[in-house]
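Please look through the sequence and the structure below before reading on.

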Amino acid sequence: MKRDYYEVLGVPKDADLQQVKKSYRKLARELHPDANSSDPNSEEKFKEATEAYEVLSDPEKRSIYDTYGHEGLRRGAGGAGGGFDGFPDFGDIFQSFFGNFAGGSPFGAAQPTGPARGQDIGVEIELTLEEAAFGVERELTFEAYNTCPDCEGAGTTDPSSIKACADCAGRGRVRTVRQTILGQFVQTGTCPRCDGSGKVIESPCKRCRGAGRVYSERTVTVNIPAGINEGQRIRASGNGGAGERGARAGDLYVQVNLAPHPQFQRRDDDILHNVNLTLGQAALGTTLDIPTLDGEQEVVFAPGTQPGEVKILRGKGVPHLHGHGRGNEEVLVNVMVPRNLDDQQRALLQEFEESTGAEHYGDDGEHPDGVLRRLRNLFTG
Ligand SMILES: [Zn+2]
Ligand SMILES: [Zn+2]
């Protein structure tokens with residue numbers, strides 16, 4: 001069970017932004033691992049508080065939460081803005097809140113401090129059913145931070161102008177002492193002057209002003225694996241935004257959408273196709289070229305084929321993602337009844353009708369219940 005966000009932050013329902021911020025700031029300090037290493041749940045609690053803050057400090061999310069609760073946000077996150085994981089990187093929020101005081105991540109012991117890591121980027125693409133089935137190479141162009149071409153990410157074109165930071169003596173970390181009502185509180189954090197790198201640049205690169213990265217257009221080629229489906233994501237590691245001064249790049253997330261197909265519907269790795277037979281074709285039997293993902297295939301429909309019958313074309317579906325084999329194609333039969341008959345046709349059909357009886361429609365053929373059962377099986381899988 002998720003806890004109520006107001007309860008998590010310990011603020012009333014009508015708390016204003018200042019109260020929300022104040023309460024979160026207080027909690028975040030308490031739960032910061034440097035301050036509270038004895039509590040094994042501090043990381044979880046910190047994440048919970050950060051999530052609560054993220055929602056309650058955003059008027060739009062807060063109003064969704066007030067109306068629909070946690071469930072509303074989950075749905076909202078999927079529907080709006082490309083459907084990316086509802087919440088941004090916790091380290092980012094922490095950093096935007098505390099500046100560089102605590103470094104990139106509050107759980108920083110294992111996390112390298114220093115120049116900021118590049119951002120993750122989300123891109124949506126639309127694929128045809130065939131592209132999704134068999135895989136495709138896509139060139140994606142988007143705007144992102146790229147490594148500065150002038151200094152190659154170093155932040156300067158003159159390496160001799162990189163000096164040890166005086167504030168932290170090149171260590172990248174500084175100790176801060178705070179007086180709180182609970183007493184003195186010593187914290188080790190990233191040096192704000194050098195961002196933890198231990199170095200300062202005296203003559204920064206003119207193009208990127210020392211950041212080592214510039215915002216510009218980027219083209220990335222992404223391999224979409226065979227069998228990918230609607231709504232799935234591909235991570236292209238390291239293809240997100242460039243980090244500052246050579247810091248690790250973010251990742252690129254490619255979200256797949258499928259375009260509607262004129263002839264097929266996809267159900268997991270199976271392909272569904274509808275075929276129309278004339279009354280005569282169904283009664284007399286016929287052979288037709290049926291479209292598949294691999295081109296047309298001859299399919300025999302026996303005499304007495306009934307509406308609702310399903311032909312299974314084994315292995316003609318979508319290849320299984322990261323696996324062997326393929327789904328099937330299911331061909332659902334519809335029988336068309338002729339309209340606008342002329343006198344002669346009506347007479348022929350009349351004669352035909354009088355010559356047939358229950359023996360032509362009964363047990364040897366398809367009992368209506370059987371058709372219904374098969375239809376049900378088809379649509380419930
Ligand atoms: Zn540069
Ligand atoms: Zn420093």
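This is a predicted model: local features need pLDDT of at least 70, side-chain atom pairs count only at pLDDT 80 or more; totals for chains, interfaces and linings use all residues.

Donors are the N, O and S atoms within 2.8 Å of the metal, and because water is not among the atoms, sites may look incomplete. With that term in hand, the donor residues of the zinc ion (ligand 2) can be described as spaced C-x2-C-x22-C-x2-C in sequence.

**The zinc ion (ligand 2)**

- The protein donors of the zinc ion (ligand 2) are the SG atoms of Cys165, Cys168, Cys191 and Cys194, which lie 2.2 to 2.3 Å from the ion.
- The angles among the four donor atoms of the zinc ion (ligand 2) run from 102 to 116°, and the site is tetrahedral.

- Cys151 lies in the loop between strand E2 (136-147) and strand E3 (162-164), while Cys208 lies in the loop between strand E6 (199-201) and strand E7 (213-224), so the pair ties together parts that are 57 residues apart in sequence.
- Cys151 has a relative accessible area of 7% and is buried, and Cys208, at 7% relative accessibility, counts as buried as well.

**The four-stranded sheet**

- Four strands form an open sheet with mixed pairing, in the order E10-E11-E15-E14.
- Strand E10 (265-267) and strand E14 (310-313) stand at the edges with a single partner strand each, so one side of each has no neighbour in the sheet.
- Neighbouring strands of this sheet are turned against each other by 30° on average, with direction ignored.

**How its strands pair**

- E10 and strand E11 (residues 270-278) run antiparallel and are joined by three bridges; Gln265 has Leu272 in E11 as its bridge partner.
- E11 and E15 run parallel and are joined by eight bridges, and here the bridge partner of Leu272 is Glu330 in E15.
- E14 and E15 run antiparallel, with four bridges between them, and Leu313 is partnered by Glu329 in E15.
- Strand E15 (residues 329-336) is mostly covered, since six of its eight residues are buried.

How values were computed:
Residues are numbered from 1 along each chain as its sequence is written. Chains are lettered from A and ligands numbered from 1 in the order in which they are written. Side-chain values use heavy atoms; hydrogens and water are left out. Two strands pair if DSSP finds at least two bridges between them. Helices (H or I, at least four residues) and strands (E, at least two) are DSSP runs, numbered from the N terminus. Axes are lines fitted to C-alpha atoms, for helices over the stretch in contact, and angles run from 0 to 180 degrees between N-to-C directions. Donors are N, O and S atoms within 2.8 Å of the metal (3.2 Å for Na, K and Ca); water is not among the atoms, so sites may look incomplete. Four donors count as tetrahedral if all angles lie between 85 and 135 degrees; four count as square planar and six as octahedral if opposite donors are over 155 degrees apart and all others between 65 and 115; anything else is irregular. Buried means under 20% relative accessible area, exposed over 50%, partly exposed in between (1.4 Å probe, protein chains only).
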